Amino acid sequence: MTASGSFISPHAGSGLVDPSQSDRSANADRPEDLLWLANLTQAMAEIAVEAGVIVMHAYAAGVPIRKKHDQTPVCDADEQSEAVILAALKRLYPTIPIIAEEIASSGGAPSVEGDFFLVDPLDGTYEFAQRNGEFTINIAFIRDAKPVCGVIFAPAQNRLWMASPGHAEETHVAAGEALPGPETRQRLHIRSADRTDLLALTSRSNLNSETESFLGKFAQARRSGFGSALKFGLLASGEADFYPRFGPTMEWDTAAGDAILRAAGGRIITQTGEDLRYGKTDQLYRNPNFLAFGDPRLIDILLLSPSG
């Protein structure tokens, strides 16, 4: 067990290698596998951009927010976006199971192992309702409990992050438009951390006392709050350094960002120093607390330095 607001370094007797090099192959080291995964990522990106049309139509019109049985928010855009994504994935990959937020919330998710998709059709429903543009569409492909490919589309900002093993990139595209060609996309890599100028990302809607306690150890770090999976995209793009999360999240909230951050050289670890794992049916797909970061040297700065 770890103390509230603390993490065990994955360097502490774990024998783990530099996280910028770990899990790069994601069990897909054959050229034919890598090509299939790259094509899969392209398809996932196209699906997310298409689902963005429905989301942006609802955003422009304004839709009421309801509460699900677990008291989390939902609106028509969540359900309509999910329907578009599920139909497209089932058409292209009919044998691969899908865990999607709204179906899972109603108890309809299949049991999974091996390969499956994780879908959040509208991440950041509160931000959607507040009309601040900080919401995303997230699609991830999971293999053996690891996030292998991921797509995050922020339709209000025309930003798309996407990754297959060892290759993360960003492009700008509006909902419903054709994806720009690979030659126009920006290859992503996390930025080198400057201990004297760290930028911490926080959840705009879920900043709690545990997060405040953790960040209090790093008085020199600047803070910026964002909604949804945007935070993972910003880490992968080298626009921020770390993001601690103490509080409830679900696998579909993090899987796409986890894949993108890994491919860009970053990592997400739990309070016991392990990678997040996916397909935890027995835990109803809930995540533990975690710390997401870019530069692997931040492990030493954030976890091993008593002064922060």
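**View 1. Arginine 267 is a buried residue, with 5% relative accessible area.** Buried here means under 20% relative accessible area, exposed means over 50%, and partly exposed lies in between (1.4 Å probe, protein chains only). This is a predicted model, in which local features need pLDDT of at least 70 and side-chain atom pairs count only at pLDDT 80 or more, while totals for chains, interfaces and linings use all residues. Residues are numbered from 1 along each chain as its sequence is written, and side-chain values use heavy atoms, leaving out hydrogens and water. Which residue meets the side chain of arginine 267 in a salt bridge? The partner is aspartate 275, at 2.7 Å from N to O. A salt bridge is a side-chain nitrogen of Lys or Arg within 4 Å of a carboxyl oxygen of Asp or Glu. Aspartate 275 is partly exposed, at 23% relative accessibility.

**View 2. Glutamate 170 and arginine 159 form a salt bridge, with their closest N and O atoms 2.6 Å apart.** Find glutamate 170 in strand S8 (residues 167-172) and arginine 159 in strand S7 (residues 159-164), so the pair ties together parts 11 residues apart in sequence. Helices (H or I, at least four residues) and strands (E, at least two) are DSSP runs, numbered from the N terminus. Are the two partners buried or exposed? Glutamate 170 is buried, at 5% relative accessible area, and arginine 159 also counts as buried, at 14%.

**View 3. Within helix H7, arginine 262 pairs with aspartate 258.** In this salt bridge, the closest N and O atoms are 3.0 Å apart. Helix H7 covers residues 251-263, and the two partners sit 4 residues apart in it, a separation of about one helical turn. Aspartate 258 is buried, with a relative accessible area of 0%. Arginine 262 is buried too, at 9%.

**View 4. Arg66, Asp76 and Glu79 join in a network of salt bridges.**

**View 5. The protein chain contains 8 helices and 14 strands.** Of its 308 residues, 56% are buried. Take the contacts (heavy atoms within 4.5 Å) between residues at least 6 apart in sequence: 66% of them join residues at least 24 apart. The accessible surface of the chain is about 12700 Å², and carbon and sulfur atoms hold 51% of this surface. Accessible areas come from the Shrake-Rupley method with a 1.4 Å probe; for residues, only the protein chains shown count as cover.
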